[in-house]
Amino acid sequence: MTANPFLDTDRVRHDLYADAGRIAQRTGALSRAKTAGPHPATVIADLAATVIADLAATGLPGTVLDIGCGRGTTTLALAERLDPPRLIAFDQSTALLAEARSRLTGRLGVEFLRGDFHAIDLPNSSVAVAVAAFCLYHSPRPAAVIAEIARCLAPGGLSITVTKSPDSYRTLDEVIAASGLDPEATSRPSLYETFHSHNQADIVGTCLDVQQVIHHEHRFRFTDADHIAEYAATNPKYQLGGDVAQIARRLRETVGNGPLETSSTVTYVVAARR
């Protein structure tokens with residue numbers, strides 16, 4: 001069975017995130033399909049705003065760290081909602097950091113730091129709020145990343161981690177398998193196998209005190225085969241190649257033109273440094 005691409009270091013560094021266009025296509029198709037569930041960046045920014053308000057009188061450093069910032073969607077929401085004195089966008093992808101930088105042009109106090117989230121190049125106890133959204137499932141040892149977050153947090157600081165349920169988009173897997181495009185689509189492990197909605201709180205709790213766990217159901221409706229193909233072509237779980245038109249044609253010939261409904265649970269864990 002093919003190894004989980006989210007845990008393949010070479011794939012993560014090269015074909016998955018070396019080009020911001022690939023992830024933009026995938027997230028764009030998913031966003032257009034969404035019919036229910038709040039935008040995660042808004043939820044994160046609201047949670048962080050509450051944290052910052054509670055910590056304002058404690059003298060904590062006003063640094064907010066966005067780990068695995070990607071294209072900067074959450075970073076921008078944090079900047080707009082919090083306007084912190086220092087906001088660090090952290091990612092290992094040069095291409096994604098460049099995209100994030102372009103979205104935050106002109107924002108004061110925003111820094112961009114490239115590195116491995118197992119070894120964040122920041123001093124001990126230097127961060128008030130650390131966000132790690134949709135990224136810890138790229139680690140085979142997510143508890144080690146949580147330990148690194150705990151090291152960076154100042155006393156009283158908090159973390160906000162976000163991930164998805166392991167059965168996310170299951171009906172999409174079934175359609176891709178039934179079409180014959182990728183018969184093993186339903187038998188491969190979840191992309192989120194190391195850090196997901198069911199184990200997140202336990203992993204975070206190895207180094208931090210879990211204060212709040214929030215589950216939101218997100219629902220999606222892909223309108224037709226072209227829409228399905230646009231998303232599926234850039235989903236690394238499937239072995240399809242990148243020809244969207246060919247994928248759409250095969251879907252129409254085998255399972256019809258849609259629509260397709262699917263779902264995912266997004267889970268937020270807020271935790272404090274011990």
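What is the volume of the largest cavity? The legends below take up this point and others in a predicted model.

**Figure 1. Close-up of the largest cavity and the residues that line it.** The volume of this largest cavity is about 60 Å³, and a search of the whole structure finds two cavities of 30 Å³ or more. The residues that line the largest cavity are Pro166, Ser168, Tyr169, Asp173, Ser190, Leu191, Tyr192, Asn235, Lys237 and Tyr238. Sorted by class, this lining is made up of five nonpolar, three polar and two charged residues. Rolling a probe the size of a water molecule over the atoms shows where empty space is left.

Figure 2. A disulfide is a covalent bond between the sulfur atoms of two cysteines, and a search of the whole structure finds zero disulfides. Cys152 counts as buried, with a relative accessibility of 1%, whereas Cys207, with a relative accessibility of 26%, counts as partly exposed.

**Figure 3. Close-up of Leu172 in the largest nonpolar core.** This core has 58 residues, and those that touch the most other members are Leu65, Ile67, Ile149, Leu172, Ile176, Phe222 and Leu251. When residues up to four places away in sequence are not counted, Leu172 touches Ile228, Tyr231, Tyr238, Leu260 and Thr262.

Methods
Residues numbered from 1 in each chain as written. Predicted model: local features only at pLDDT ≥ 70, side-chain atom pairs only at ≥ 80, totals over all residues. Heavy atoms only, no water. Disulfide = S-S within 2.5 Å. Buried < 20%, exposed > 50% of the residue type's maximum accessible area, 1.4 Å probe, protein only. 1 Å grid on protein atoms, 1.4 Å probe; cavity = no way out; pocket = protein on both sides within 12 Å on 5 of 7 lines; lining within 4 Å. Points joined across faces, edges and corners; volume = space filled by probe spheres on them. Nonpolar A, V, L, I, M, F, W, Y, C, P; charged D, E, K, R; others polar. Core = buried A, V, L, I, M, F, W, Y, C linked by side-chain atoms within 4.5 Å. Contact = heavy atoms within 4.5 Å.
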